[in-house]
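Look at the structure first, then read the points below.

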Amino acid sequence: MKAERDFLVKKLKDAGIHGKIHESMKSLKNCNEVHVGAVLRTEEGFTRSGSKKRYTDQQGQRKQRNKLFERTTELHVVIADTDEAKVEEILTNFLKSISKGLEVDGNWVDIEIGKADWVEGADSILKSKIAVEFDVTLTGGIYTDTDVIGAKVGNIEGNKE
């Protein structure tokens, strides 16, 4: 989950958020800035999986990858500023830079963006005039790899008694 969160923080900074990216609701509430970015953890769920895949690694060894759990992580992203045009520009840059997913420890994690909620100044806990908030759902898995041992073809000798 750390790699996924760090990925979103980097994309927010690349999109135009400067300064600290807040990681907790407490930090966000105590913030006195008008230009704000946040990536907050909301929930994470696990579902048992029986998926198996066989592959050959880079050294030519046959392996089997067992997916033990499907992991779904939801992060809440906040972008806020004094002007709607600035927020819109940062949001657009952020969405342009987000790919369909990312690779974490050799495993693919899908990224889905949820509905955006625009919040005006009086309705927000922030000092900003306008903010956009949306959820990002990351779907990956917990895997284990095992070696696949092929049968050897050769001479079989029985007891000669």
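This is a predicted model: local features need pLDDT of at least 70, side-chain atom pairs count only at pLDDT 80 or more; totals for chains, interfaces and linings use all residues.

Helices H1 and H3 (residues 84-97) pack with their axes 8 Å apart and at an angle of about 130 degrees. Residues are numbered from 1 along each chain as its sequence is written, and side-chain values use heavy atoms, leaving out hydrogens and water.

**Helix packing**
- The crossing of H1 and H3 is right-handed, meaning that the near helix is turned clockwise from the far one by less than a right angle.
- From H1, Leu 8, Lys 11, Leu 12 and Ala 15 meet Ile 90, Asn 93, Phe 94 and Ser 97 of H3 (contact means heavy atoms within 4.5 Å).

**Largest pocket**
- The volume of the largest pocket is about 190 Å³ (the space filled by probe spheres set on the grid points).
- A pocket is an open set of points on a 1 Å grid, where a 1.4 Å probe fits, with protein on both sides within 12 Å along at least five of seven lines; lining residues have an atom within 4 Å of a point.
- E7 supplies four residues, the largest share of the lining.

How values were computed: Helices (H or I, at least four residues) and strands (E, at least two) are DSSP runs, numbered from the N terminus. Axes are lines fitted to C-alpha atoms, for helices over the stretch in contact, and angles run from 0 to 180 degrees between N-to-C directions.
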